[in-house]
Amino acid sequence: MYVRGRERLMQELEQFTVKKLGLCDICPDAFKFCDTLPSTKERLNRIYECWNRRKSRTGWREFVQSSQLTNHEICHEMFRHALKGRLKTYIQIKDLRHSEESNISFCHQSDGEDRVVTLSCSLMTIQMLEYDTMMFEAMRDEEDQEYREAAQRFYRPYLFSYVMELDEKKYDALKKLQERVAEESRRENNESDPYLWFACTFASNSEGSDISLDGYVVQSASRISKIKAPLYIKIEDPTTSRRMAKSILDVYKLNPSCLKDDPSFTQRLQQKLGHDRLSTIDVYKVGNGNCVYAQGESGDMSFFYDIGFHYRHRPKIIVPGKLYSYVESMKRIYAQKPSFFILSHWDMDHIAGSAAARKDFLDQDWFAPDCWDACADAKRLAQYLDLKNHLFLAKRPISGVAAGRCIGKVDVVSSAASPQILATYQFYMGEKARCDSSLPNCEGSIA
């Protein structure tokens, strides 16, 4: 009998949960550095293979029924396995080979310590790719509306990142490590990809690692926690980076319809802004960039310009496994009721707050520049918003175009009968030559 709707989704989640607990039974060496990277089809086959092997075992259904099967629990179980070194893990690191040394800002984090530079990186496990593959496919289902909507309600974007603190010696060592594999591991037909992927582990007894890094894990499926943990990187097959990048692209490929040209992007914004002009603008200093909340005079229109989190902040006291609460400003941010969002660009310090925000924040429309070069954690958020038809991307200019390209202007008028202009909103794209070396920062949107 064919099962539909929410029951169908819960059965698939049960299958995934059992597979997650039983993967070692199928492939004892699955978590070693030498393990090959499976394709999307192979990942799905593993889910059903393990399910068929274990479904007749005594106690599996009692376990599933007694456990709290939520997106939060599934994600944190995946995080826990990765942190204990039980899972095949990869790290997405910015390509440092072409970075201008003059733009690298090494600074003292505290008295008596060496100068360091912080680098934010996305972490990914095969398990996470399996989970996202399954859930995103459910959200695309054209035949079972209840099943599709159940998947959208159950899932929410999560983040699993690593913020490394590199002194000048460690920075040079990581750069040389990238040079060793760069030519073989570049993603085919996209030499502008700003990242490289490496196999890594948190297991301290890992043999043959090429470099060890100091930093902390930033993880969230509902609230953000920071955990200090050393990371070990190993160069395996030199094509790992290219194959991993392709897997990410396969899972997080956006619908081309969300990418808008200038007129349609502006027209959609016009609908959201309506005929309301701003009455208040609240600026919250929450990290490397500010989080801005703007509200119209009528109270019906309001929006966030970025929703950040102090993503690169180094906790003063870090105890493994301890959760860290937000500052008071984050509580005020989450108490707001925005009608839409505008992102300047997709760097994590501008969007990480969305991972712990109320879920209805993700039920609103989000306007942002194209995110082709965003990190994996940002692409996960973009994919979810796209599948819910809430993502509208503005086409980005070719790097080096004239500064301040206006991508749209919206006039707020008093009424159609008496069209007096009360306010004007203008949106621009930046220019690389007048900013730092970060492409997203330079080509982001400005309101």
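Predicted model: local features only at pLDDT ≥ 70, side-chain atom pairs only at ≥ 80, totals over all residues.
Residues are numbered from 1 along each chain as its sequence is written, and side-chain values use heavy atoms, with hydrogens and water left out. Helices (H or I, at least four residues) and strands (E, at least two) are DSSP runs numbered from the N terminus.

**Nonpolar cores**

- A nonpolar core is a set of buried Ala, Val, Leu, Ile, Met, Phe, Trp, Tyr and Cys residues joined through side-chain atoms within 4.5 Å; buried means under 20% relative accessible area, exposed over 50%, and partly exposed in between (1.4 Å probe, protein chains only).
- The largest nonpolar core holds 103 residues, and Ile91, Tyr131 and Trp346 touch the most other members.
- Helix H5 (residues 126-139) gives the most to this core, with nine residues.
- A second, separate core has 17 residues, including Phe265, Leu273, Tyr305 and Phe340.
- Not counting residues up to four places away in sequence, Trp346 is in contact (heavy atoms within 4.5 Å) with Ile351, Ala368, Pro369, Asp370, Cys371, Ala374, Ala378, Leu381, Ala382, Leu391 and Leu393.

**H5 against H6**

- The axes of H5 and helix H6 (residues 145-154) come within 7 Å and cross at roughly 135°; axes are lines fitted to C-alpha atoms, for helices over the stretch in contact, and angles run from 0 to 180 degrees between N-to-C directions.
- H5 and H6 are therefore oblique to each other, given that angles under 35 degrees count as roughly parallel, over 145 as roughly antiparallel, 65 to 115 as roughly perpendicular and the rest as oblique.
- On the H5 side the contact involves Tyr131, Met135, Ala138 and Met139, and on the H6 side Tyr147, Arg148, Ala151, Gln152 and Phe154.
- Seven of these contact residues are nonpolar, one is polar and one is charged, where Ala, Val, Leu, Ile, Met, Phe, Trp, Tyr, Cys and Pro count as nonpolar, Asp, Glu, Lys and Arg as charged, and the others, Gly among them, as polar.

**H4 and its contact with H5**

- Helix H4 (residues 71-83) and H5 have axes that come within 10 Å and cross at roughly 160°, so the two helices are roughly antiparallel.
- H4 contributes Asn71, Ile74, Cys75, Met78, Phe79 and His81 to the contact, and H5 contributes Gln127, Met128 and Tyr131.
- The residues of the contact of H4 with H5 comprise six nonpolar, three polar and no charged.
- The buried residues of H4 are Asn71, Ile74, Cys75, His76, Glu77, Met78, Phe79, His81 and Ala82.
- After H4 comes Gly85, with a positive phi near 75°.

- Most residues other than glycine have a negative phi.
- Asp306 has a positive phi, near 70°, and lies in the loop between strand S13 (302-305) and helix H10 (328-334).
- Asp306 is buried, at a relative accessible area of 2%.
- Asn389 has a positive phi, near 60°, and lies in the loop between helix H12 (376-387) and strand S16 (391-394).
- Asn389 is exposed, at a relative accessible area of 60%.

- Glu137, in helix H5, is partly exposed at 46% relative accessibility.
- The C-alpha atoms of Glu137 and Leu387 are separated by 9.8 Å, with the two residues 250 apart along the chain.
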